[in-house]
Amino acid sequence: MQAIGYQTLVDFYGPIPFTESVDGAILQPAYDNEAVVYEGIIQMLTDASALLASGNGTITGTSDLFYGGDASKWVKLANSLKF
């Protein structure tokens, strides 16, 4: 979901804070160009897909409003977004 959020932001606004955005100590993060953000998004999706496909990642079914905890559907979504 984080990757989808970043993708939406970069699609709408172009350069956005990405590499420094989650560091709470940095109050004015630098803006990254679209290429850096898209590479980061693809890496996030690749990592998530690998965790779920290997069985090391889990999703709580009661907390998952989209796919009810079905990891295979999340892997499909990650791969579709990377495409």
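## Ground rules

Contact here means heavy atoms within 4.5 Å. Helices (H or I, at least four residues) and strands (E, at least two) are DSSP runs, numbered from the N terminus. This is a predicted model, where local features need pLDDT of at least 70 and side-chain atom pairs count only at pLDDT 80 or more, while totals for chains, interfaces and linings use all residues. Residues are numbered from 1 along each chain as its sequence is written, and side-chain values use heavy atoms, with hydrogens and water left out.

## The whole chain

Let's start with the overall picture. The protein chain has 3 helices and 2 strands, in the order α-β-β-α-α from the N terminus. Its C-alpha trace spans about 35 × 30 × 20 Å along the principal axes. Of the 83 residues, 20% are buried (under 20% relative accessible area; exposed is over 50%, partly exposed in between, with a 1.4 Å probe and protein chains only).

## A look at helix H3

Which residues of H3 are buried? They are Trp74, Val75 and Ala78. Seen down the axis of H3, the buried residues fall within an arc of 100 degrees (taken from the directions from the helix axis to the C-beta atoms), so they line one face of the helix. Helix H2 (34-54) is included in what covers them. Over on the other side of H3, you'll find Lys76 and Ser80 exposed.

## Out in the loop

Now for Phe66, which sits in the loop between H2 and H3. Phe66 counts as exposed because its relative accessibility is 58%.
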